Amino acid sequence: NLPYLDLFSADIDENGDFSNAEPLRGEINTVYHESSTSFSKDGKTVYFTRNNFIKGKKKKNKENEIALKIYRAEFTNGKWDNVFELPFNSDDFNCAHPALSKDDKTLYFSSNSKESMGGFDVFKATRDENGMWSKPVNVGSKVNSFSDEISYSMTANGKMAFVSSNRIGGQGGYDVYAIGIEETPAGTAVLNGRIVNTKGNPIPENSYITLKCTNCANTMETVLTSRMRDGVFVSALEKCKEYEIAYYYGPETKKAFKEKFKTGCDS
């Protein structure tokens, strides 16, 4: 019995105080949820999340009570109108939490589509000069894990991104992680692994993998979680380095399985 979410604006003065909060004018707010905004540099275009509804009714899908979609609106004559749905949305999965790149041409968002590594992953779609959107692509294991990644955002200079994730190794339910997004990917490799129970039993829910480069500049351990349905896990690697991988059945594991391996030195 709580009200639905609407989008509001407020004035901010030179002291950082807010006033005159009011709902955005125009067609942008409806009787369903609107949230998670991302504005263009000129402030005249906004991308936002809205409940998926058809013929006035909420649309349900197999995994979620309500499907979420990303919409776009334009500011004209003092109102937010010209609202339309982006073409990569679907009734079968969720798309939410839009975030525009610094050049306003690339849109990042979270989705639990079939291309997702885990639950929600961060995807990217590019808009060309004619306003046409490319097919969204998964941004990969540098950002995503086999858990949820949501609320992706970037700094104004485009050199750092932040994402919220409930992956193993965090401090609570969802934690905020920082990612350098201008690092060159040249000379990297991908580790593809799979945890298999020799007796065919399910993988323990609290199991996890740690990965550490023993001769890299950064020797901190990375915590990986495998997909529960098939035990698969992935991670980016540097070339010509030595790594140590360990598998833990759960937090109480006393003697983890450990093994070392080296990556090739070819480009």
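Q: What is the handedness of the link between C240 and C265?
A: Right-handed, with 70° about the S-S bond. This is a predicted model, so the value is computed from predicted coordinates.

Q: How far apart are the sulfur atoms of C240 and C265?
A: They are 2.0 Å apart, and the two cysteines form a disulfide.

Q: Which parts does that pair tie together?
A: C240 lies in the loop between β19 (232-238) and β20 (242-248), and C265 lies in the segment after β21 (257-262), so the link connects parts that are 25 residues apart in sequence.

Q: What about the phi of C240?
A: Phi of C240 is near 60°, a positive value in a residue other than glycine. Most residues other than glycine have a negative phi.

Q: How many disulfides does a search of the whole structure find?
A: Two. One of them is the C240 and C265 pair, and C213 is joined to C216 by a disulfide as well, with an S to S distance of 1.8 Å.

Q: And the handedness of the link of C213 and C216?
A: Right-handed, with 75° about the S-S bond.

Q: Are C213 and C216 buried or exposed?
A: Buried. C213 has a relative accessibility of 4%, and C216 has a relative accessible area of 11%. The cut-off for buried is under 20%.

Q: What is the pairing if you number the bonded cysteines in sequence order?
A: It is 1-2, 3-4 for the protein chain.

Q: Changing topic. What is the strand order in the open sheet of four strands?
A: The order is β3-β4-β7-β8, with antiparallel pairing.

Q: Which strands stand at the edges?
A: β3 (34-39) and β8 (79-85). Each has a single partner strand, so one side of each is left without a neighbour in the sheet.

Q: How much are neighbouring strands turned against each other?
A: By 30° on average, direction ignored.

Q: How many bridges join β3 to β4?
A: Four, and the two strands run antiparallel, with β4 covering residues 45-51. In this pairing S38 stands opposite Y47 in β4.

Q: What is there to say about N77?
A: N77 lies in the loop between β7 (68-76) and β8. Its phi is near 55°, a positive value in a residue other than glycine. At 80% relative accessibility, N77 counts as exposed.

Q: On to β10. How many of its residues are buried?
A: Six of its six residues, so the strand, residues 106-111, is mostly covered by the under 20% cut-off.

Q: Which residues of β10 point which way?
A: T106, Y108 and S110 point one way, L107, F109 and S111 point the other way, and all are buried. In a regular strand the side chains alternate between the two faces of the sheet.

Q: How does β9 pair with β10?
A: Through four bridges, with β9 (residues 95-100) and β10 running antiparallel. S110 in β10 is the bridge partner of A96.

Q: What lies between β9 and β10?
A: Five residues, and the two strands form a hairpin. D104 in the turn has a positive phi of about 65°.

Q: Is C95 buried or exposed?
A: C95 counts as buried, at 2% relative accessibility.

Q: And how many bridges between β10 and β11?
A: Six, in the antiparallel sense, with β11 spanning residues 121-126. Across this pairing S110 stands opposite V122 in β11.

Q: Last one: where does S164 lie?
A: In strand β14, residues 160-165. At 13% relative accessibility, S164 counts as buried.

Q: Which residues is S164 in contact with, leaving aside its neighbours within four places in sequence?
A: D148, E149, I150, S151, Y174, D175 and V176.

Note on methods. Residues numbered from 1 in each chain as written. Heavy atoms only, no water. Pairing = 2+ DSSP bridges. Axes fitted to C-alpha atoms, helices over the stretch in contact; angles between N-to-C directions. Disulfide = S-S within 2.5 Å. Buried < 20%, exposed > 50% of the residue type's maximum accessible area, 1.4 Å probe, protein only. Contact = heavy atoms within 4.5 Å.
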